[in-house]
Structures are given as C-alpha cells and as structure tokens.
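Visitor: I've got a model to look over with you. Can we go through it piece by piece?
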Amino acid sequence: MKNELLSQITKLPAEKLFQTYMDLISKKESEEIYRLNEPVGEGIMRHTHIAKGIELVYSELESYSPNYQTEKKEVDGLEIMYIVDGHGEFELQNRQFVSGEKGDVMIFNCKSAVKKAMLGKSGMNCISLILFTEDTISFLNSFLGTNDFNTSDFFYEIRKSDSVIAFPCSELLEKLFLETIRLPSAYSRQTIKLAVIHAIILLIQKFRDKDACDVRTRNDSSDSYFSGSTGRKVQNVRRLINMNLEKEISIEELAQKVNLNRITLQKVFKEIYGITINEYRTKARMQLAKNLLVSTELSITEIAGRCGYTNASKFSEVFKRNEGLLPKDWRK
C-alpha cells in the first residue's frame, strides 16, 4: 500500500521518508505517529522500526489516494498487510484489482504498485509489515543464529509476481498481528519484536509448504495470485456471498453470475481463501449472527432468517457447532 515509500527507501532514512507524505504528530524511542497530508488521504499512521529491513506500520485510514508512479523503482521488498477492520479495494498500476476485508492478509510486492484505493464507508484499519528482502534475511539469520533463510525461499513466487496475494488470516497469525498494537506495558517493545519475527516465519513457512506440496498447480495456474480475470471473478463471488447472506445462492448460480466454470470457481476459491465456498459462507453467516446477537434485540428466529436459515433449530445447531454455544447462551 505504501509503494511510494518503498520506491524511495534507499534514498531517505525511515523517519524522513514518512515525513515526505505525512505530518509528524509525536515521537518516542523507535516509534513515530504521523497524520496523512492531502492529497494522500486522511488518517493516522504509527510507525515502529523493528530491525534493519523490517518496519511495522499501524494505519487508521478514512481515505487513501496513492500517487501514481510514472517510474517504478527496483526495490526488492514486500508489504504484508493485515486488515484489522473495514474493507479496501485496490487498483494496481497494471489495471488488476484486488480487495480485502476484516480478517484478511494481503501481500503487495515492489511490482504491485497501487494506483487507486477505495475504502469502505467507515475507512480501514490495518497493520503492515514492510520487509526489504536482503536486510530481513540477514537479520533473521543473525537473530536466530542460523543460515536457513535465503532469497530462494523468501516469498520467492510473490516477489517476482506482478500481482497481489490475499487470503484469510489464521487464528495464530491474527493473534501475532494484534499483539503489535496492544497498549504499552513492561517489555512491550520486546514483545512486539518477537511477535513480528514469529509472524514473518509463519508466513515464510506457509508459502514454502505451498511450493513444496503444490509445485504442479503453482506452475500450471496463476489464479491464486490474482493474475487475470479469474482472480477478479472469484473476488466478485466472495462479495456476492457477503451481500446475500440471507439467501441460499447455489455454487452453480454464483458461477453463472460471474461467467466462470463451476469447477474452476470452486478450485480457485479454495486456492485463494483456503476454504470452500460453503465453508466461507457459513463463517460469514456466523459472524453476522454474532454481530446481531450483540447489537440488536432480534429474536433467534429473526436472526436465523437474516443469516439464511429458514429453520431456527438448524441455525442453532450450526451456530453451536461453530461457536461452541447455542445462540441464546452466546448472547448471555
């Protein structure tokens, strides 16, 4: 998301780099807080230097308008973004589109520069790890006393791609990201640093395992990297699901709506999001149900209907299987 930052990192120290686009509000130890300048957007960014080659940024954005880059600097780096809250859709300079919402991880490389960002009505809060390949590898090897990390397995496929990876965040990875924005306490700096290192290693392992177990699929198909129309069609299917949780739209109907083969849709959806279409719909419905249980006085039957269940008993059964409690007990 901060491709302008990536393009100039070799020229400016980190703090001056941020000040190019933002107003410094406060600074203490290795942390600075900035307010975005127009026309870049509206919002706050908190920047923490973790180690050489690793920067942590927490952003609360109401709007964001990245400047179009006529020349792209050759920087070997990544931005790994976890969306804490809200929704964002991004148009890349190569005219590809990618979207993410609360609970998603998005990985931008130096080639996937953002031309335009469209945020949800309530904006977007996100945590970003900005990694510069050589320095990050050097730090990890030194910090952990090993030589296991190298450029050939450091997000290699992502770094050479001209698009963006997006996938639902795992429970452990989410906890590590959220650990970086806790209120300060004793040893908080050390805790944040360890959480960032752990998150990076988990992600390296995730894509290393994918390469080892799915070499044929990776080489034969680039769908999981949002390269081309198939990835965008699958994103549209996810949006359709989220907008119609009260309806039981079949997979065949979803495939027809985006003009995609049913088998291809199912295969690519699971490649991108790690779960099947029906599993995703169930998870989205359960999240909606929990929101309604907490924020409204609607009856269980009414909530079941809004979540696509004509039978309240069936809804309660599915809710308990996923959340461990019946809806009425969860509400209490």
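Visitor: How much of the chain counts as buried?
Guide: Of its 332 residues, 48% count as buried.

Visitor: And what share of the contacts comes from residues 24 or more positions apart?
Guide: Such residues account for 65% of the contacts in the chain with a separation of 6 or more.

Visitor: What about confidence? What's the mean pLDDT?
Guide: The mean is 80 for the protein chain. A pLDDT of 70 or more is reached by 83% of its residues.

Visitor: Which elements have the lowest and the highest mean?
Guide: Helix α7, residues 215-220, has the lowest mean pLDDT, at 32. Helix α3, residues 133-144, has the highest, at 95.

Visitor: Where does pLDDT fall below 50?
Guide: One such stretch is residues 211-228. Beyond near neighbours in sequence, that stretch has 37 contacts in the model. Residues 68-72 are also below 50, and that stretch has 10 contacts beyond near neighbours in sequence. Where pLDDT is low, the predicted coordinates should not be read in detail.

Visitor: Noted. Let's do strands. How does β4 pair with β8?
Guide: In the antiparallel sense, over 8 bridges. Strand β4 covers residues 54-64 and strand β8 residues 114-132. I54 has L131 as its bridge partner in β8.

Visitor: And β5 with β8, over how many bridges?
Guide: Over 14 bridges, in the antiparallel sense. Strand β5 runs over residues 77-92. Here I83 has C126 of β8 as its bridge partner.

Visitor: Switching to charges. How many salt bridges are there?
Guide: A search of the whole structure finds 10.

Visitor: Give me one inside a helix. Which residue does K175 bridge to?
Guide: To E171, with the closest N and O atoms 3.6 Å apart. K175 and E171 are about one helical turn apart, because they sit 4 residues apart in helix α5, residues 171-179.

Visitor: Is that pair buried or exposed?
Guide: K175 is exposed, with a relative accessible area of 52%. E171 is exposed too, at 58%.

Visitor: Now one that spans more sequence. Where do E248 and R281 lie?
Guide: They form a salt bridge, with the closest N and O atoms 3.9 Å apart. E248 lies in the loop between α8 (229-243) and α9 (251-257), and R281 in helix α11 (residues 277-295), so the pair ties together parts that are 33 residues apart in sequence.

Visitor: Are those two buried or exposed?
Guide: E248 is exposed, with a relative accessible area of 54%. R281 is buried, with a relative accessible area of 5%.

Visitor: What about E323 and K290?
Guide: Their side chains meet in a salt bridge, 3.4 Å from N to O. E323 is in helix α13 (residues 312-323) and K290 in helix α11, so this pair ties together parts that are 33 residues apart in sequence. E323 counts as partly exposed, at 27% relative accessibility. K290 counts as buried, at 17%.

Visitor: On to pockets. How much space lies in the largest one?
Guide: About 1400 Å³.

Visitor: What lines it?
Guide: The lining has 48 residues. E101, K102, G103, D104 and Y280 lie nearest the centre of the pocket. Helix α11 gives the largest share of the lining, 8 residues.

Visitor: Last topic, backbone. Which residue has a phi near 50 degrees?
Guide: F155, a positive value in a residue other than glycine. F155 is in the loop between α3 and α4 (156-160). At 3% relative accessibility, F155 counts as buried.

Visitor: And what is the phi of N259?
Guide: About 55 degrees, positive although N259 is not a glycine. N259 is in the loop between α9 and α10 (262-273). N259 is exposed, with a relative accessible area of 63%.

Technical notes. Residues are numbered from 1 along each chain as its sequence is written. Side-chain values use heavy atoms; hydrogens and water are left out. A salt bridge is a side-chain nitrogen of Lys or Arg within 4 Å of a carboxyl oxygen of Asp or Glu. Helices (H or I, at least four residues) and strands (E, at least two) are DSSP runs, numbered from the N terminus. Buried means under 20% relative accessible area, exposed over 50%, partly exposed in between (1.4 Å probe, protein chains only). pLDDT is the predictor's confidence in each residue, from 0 to 100. Contact means heavy atoms within 4.5 Å. Two strands pair if DSSP finds at least two bridges between them. On a 1 Å grid over the protein atoms alone, a cavity is a set of points where a 1.4 Å probe fits but cannot get out, and a pocket is an open set with protein on both sides within 12 Å along at least five of seven lines; lining residues have an atom within 4 Å of a point. Grid points are joined across faces, edges and corners, and a volume is the space filled by probe spheres set on the points.
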